[in-house]
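Me: Please take a close look at one part of this model, the place where the two chains meet, and describe it in a connected way.

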2 protein chains.
Amino acid sequence: MHQKKAQNSEIDNLDIQILSILMKNATTPYTEIAKELIVSGGTIHVRMKKLEDLGIIKGANLEINPQKLGYDVCAFLGIFLEKGSQYNNAVKQLKTVNEIVELHYTTGSWSIFAKIICRDTTHLREILNEQIQSVEGIQRTETFISLEESIKRQITLD
Amino acid sequence: MHQKKAQNSEIDNLDIQILSILMKNATTPYTEIAKELIVSGGTIHVRMKKLEDLGIIKGANLEINPQKLGYDVCAFLGIFLEKGSQYNNAVKQLKTVNEIVELHYTTGSWSIFAKIICRDTTHLREILNEQIQSVEGIQRTETFISLEESIKRQITLD
DNA sequence: GTTGAAAAGTGCTGCGA
DNA sequence: TCGCAGCACTTTTCAAC
């Protein structure tokens, strides 16, 4: 067993096992987790409260299939800023674009890297032209369309 | 039961409203959703079952904070293949790399685009050298490290 | 398809070890 | 600190509309 780093000193093996089970299926009942790990339901409850208080668990998300709701196009955008200092302001404006689901400040060619989900290529072009390239500080963008999402999962805990 | 066409024909406004509420907070009780939308709890249950059967809801995920568990580095990889035909085989091997949380087949410079979460830069280099660049068919990779994740959310339904 | 209420199962709290 | 047991709440089912 490896030693835990500073921030995880309060987390033991049981916590990790609970997280592992819930990360596979967030709707697993506490009683079933308790049975599997051979502890009481109350213990699971206490541990979950601790994990939430520590900010390790941020909440639960419904995993949906955007394609079945008519959102067929997933794309990645590399965004060039005129000046790096415009990052905060650009992000503030990009937050209003609902189709952007992920946005990172990255090393490398671009300043901003974003993931975007939209209905079709027409919708994508509209968003690029009307909502993204008009943001102050954005110089130009490069677009990569995802033709297939082959992996989509969470990290595995040791 | 076996219709596979026009994605939204079976989905009405009530379904969308239920999804919208649950996408904000997946732990919202059915009774509360029912109260908010002024229908009975049983109806919510029937609709949820329908949405699951249609594959629109794929499940629920626990949203965790990887940084608090010692996973501090998030990076994106552009992967060049020697030949595009090696995609399926490369994906099969990359699936065994647990640190890869997302993988896409994309247009543009690269054949494969991946998102990877690991403990630190040493861990990242190990994965790149030992597990990714040794995969058959992979020519070379380009790495972008995310210094900050400013947006992380789901699509908003109309 | 929807409703309302009963039945079954789960989450929460306090007491005891 | 952990486990057990009782209470409150939620999910699920089903007859009736």
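Reply: In this predicted model, 36 residue pairs are in polar contact between chain B and chain A, counting pairs in which both residues have pLDDT 80 or more. The side of chain B that touches chain A draws at least two residues from each of α1 (13–24), β1 (57–64), β2 (73–81), α4 (87–94), β3 (100–106), β4 (112–118) and β5 (138–152) of chain B. Of these elements, β5(B) gives the largest share of that side, with 9 residues. By residue class, the side of chain B that touches chain A consists of 34 nonpolar, 19 polar and 13 charged residues.

Taken as a whole, the interface brings 66 residues of chain B into contact with 67 residues of chain A, and the two chains bury about 6,400 Å² between them, with 56% of that area on carbon and sulfur atoms.

Charged pairs also cross the interface of chain B and chain A, where 6 salt bridges are found. One of them links B:Glu102 to A:Lys152, and the closest N and O atoms of this pair lie 3.7 Å apart, which counts as a salt bridge because the cut-off is 4 Å.

How values were computed:
Residues numbered from 1 in each chain as written. Chains lettered and ligands numbered in written order. Predicted model: local features only at pLDDT ≥ 70, side-chain atom pairs only at ≥ 80, totals over all residues. Heavy atoms only, no water. Contact = heavy atoms within 4.5 Å. Buried area = accessible area lost by both parts, 1.4 Å probe. Salt bridge = Lys/Arg side-chain N within 4 Å of Asp/Glu carboxyl O. Polar contact = N/O pair within 3.5 Å; in protein donor to acceptor, adjacent residues only side chain to side chain. Helix = DSSP H or I, 4+ residues; strand = E, 2+ residues; numbered from the N terminus. Nonpolar A, V, L, I, M, F, W, Y, C, P; charged D, E, K, R; others polar.
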